[in-house]
Amino acid sequence: MRNRFTLFQSHLDLAHQYWSRLITVGDRVIDATCGNGHDTVFLASLGAKVISIDVQQEAINQAIERAQNEGVDQFVTFVNGCHSEFPEEVENSSVKLIVYNLGYLPGGDKEITTQVMTTQTSIQHAMELISPGGMISITCYPGHQEGQREEEELLNFFQILNPQDWSCCQHRWVNRKQSPSLILLQKNLNFVA
């Protein structure tokens, strides 16, 4: 499929383009739902200092192995915990990018999935941690019931954000049934709390 659609074929292709434009070497980023570690490795390969979080130890183990195999593990701190709680040492306005890949662990137990309540809590906290000019990137998977609820609730919340403080957009394939969507929020470069 890649040879037919050279610019992008998935939501991750688009996300990676945005992340690459935003991140400079040494920036602090958080992969709030690291899953099997693909995004963590990509972010570390950009030279970012990554905090990689997942509630499932199985996911953390896979991500550690992937980071070691790619030679970027020295740039990553792994945290086994819920995405609704960031490490205490992370200060407000100190993170350039926070990434969410919602849903369940690919190849894992589909009954263990991100939930609306913890995701909303996490996003609200993430908005405080993001530095001016920084971004929150969220991939939603509305193909399952909780994923659909998450996407709907997040979009409802983002629609009421002050456009002077946050630029919010959603990318979705309109010709792919129940396709994932990519939601991006960028904080105003001149944001004052």
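Seven strands form an open sheet in the order E3-E2-E1-E4-E5-E7-E6, with mixed pairing. Strands here are DSSP runs (E, at least two residues), as are helices (H or I, at least four), numbered from the N terminus. Two strands pair if DSSP finds at least two bridges between them. Strand E3 (76–80) and strand E6 (166–172) are the edge strands, each pairing on one side only. From one strand to the next, the twist averages 15 degrees.

This is a predicted model: local features need pLDDT of at least 70, side-chain atom pairs count only at pLDDT 80 or more, and totals for chains, interfaces and linings use all residues. Residues are numbered from 1 along each chain as its sequence is written, and side-chain values use heavy atoms, without hydrogens and water.

Strand E2 (residues 49–54) pairs with E3 in the parallel sense, over five bridges. There, Ile51 stands opposite Thr77 in E3.

Now the rings. The structure holds two aromatic pairs (ring centres of Phe, Tyr or the six-membered ring of Trp within 6.5 Å; planes under 30 degrees apart are stacked, over 60 edge-to-face, the rest tilted). Trp19 and Phe42 form a tilted pair, 6.1 Å centre to centre, with 55 degrees between the planes. Trp19 lies in helix H1 (residues 11–22) and Phe42 in helix H2 (residues 38–45), so the pair ties together parts 23 residues apart in sequence. Phe157 and Phe158 form a tilted pair too, at 5.7 Å and 50 degrees. Phe158 is buried, with a relative accessible area of 5%; Phe157 is partly exposed at 24%. Buried means under 20%, exposed over 50%, partly exposed in between (1.4 Å probe, protein chains only).

How values were computed
Axes are lines fitted to C-alpha atoms, for helices over the stretch in contact, and angles run from 0 to 180 degrees between N-to-C directions.
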